[in-house]
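This briefing covers helix packing and the nonpolar cores. Please read it alongside the structure shown here.

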Amino acid sequence: MNIEVATTNQLKLIKSLYSAVTSHLRENGVDQWDRFYPNRWVIGKNLKEGHIHAIFNEGICIGVVVVNQDQSSKYSGLPWRDLKGRPAVIHRLAVHPESQGKGIGKRLLQHAEALARSNGYTSIRLDAYSANTNAIRMYERAGYSPVGQIQFPLRKHPFQCFEKNFIDE
């Protein structure tokens, strides 16, 4: 199972993955996503720009990660360490519930880091829903440092922002 740049033809497969993950999160008390987000317009835009990297197995999308430079305006007030470099940003890393616990999230994260390094980025930033303790643990184990929290509308809990600075390594 290789990680590949997803195409616009795979929109339904990727939307299906996000729907399965959203349902699974909600069943486990994590209200991170809903029927409004992530939506087909956000996913479609990322696909057109070539920013979604995915793993497919037997015609099913089992994992995705978005890597680009798009930062929320809410990031501006945080104490990032990489102030003079060129940060990449990870969005919506997700693994199908039936494929969780098999190292796929870690593989996607490592892929995102390798991609960022090879394209001259000096760090990676991301935010993770604070109630999603599995995601928080994965980023901490992977060496990401917390830099603060932000709040998005219609979300009960804040999002923990993380950074991994490549220059420090």
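A crossing is left-handed if the near helix is turned anticlockwise from the far one by less than a right angle, and right-handed if clockwise. The model is predicted: local features need pLDDT of at least 70, side-chain atom pairs count only at pLDDT 80 or more, and totals for chains, interfaces and linings use all residues. Residues are numbered from 1 along each chain as its sequence is written, and side-chain values use heavy atoms, with hydrogens and water left out.

**Helix pair**
- Helix 1 passes helix 2 in a right-handed crossing; helices (H or I, at least four residues) and strands (E, at least two) are DSSP runs, numbered from the N terminus.
- Leu11, Ile14, Lys15 and Tyr18 of helix 1 make the contact with Arg40, Ile43, Gly44 and Leu47 of helix 2, where contact means heavy atoms within 4.5 Å.

**Nonpolar cores**
- A nonpolar core is a set of buried (under 20% relative accessible area, 1.4 Å probe, protein chains only) Ala, Val, Leu, Ile, Met, Phe, Trp, Tyr and Cys residues joined through side-chain atoms within 4.5 Å.
- The largest core has 26 residues, of which Ile14, Tyr18, Ile52, Cys61, Val64, Ala94 and Cys161 touch the most other members.
- At least two residues of this core come from each of several elements, including helix 2, strand 3 (60–68) and strand 4 (87–95).
- Helix 1 gives the largest share of this core, five residues.
- A second, separate core of 25 residues includes Ile3, Ile90, Leu109 and Tyr144.

**Ile52**
- Apart from neighbours within four places in sequence, Ile52 is in contact with residues including Ile14, Ile43, Leu47 and Val64.

Key: Buried means under 20% relative accessible area, exposed over 50%, partly exposed in between (1.4 Å probe, protein chains only).
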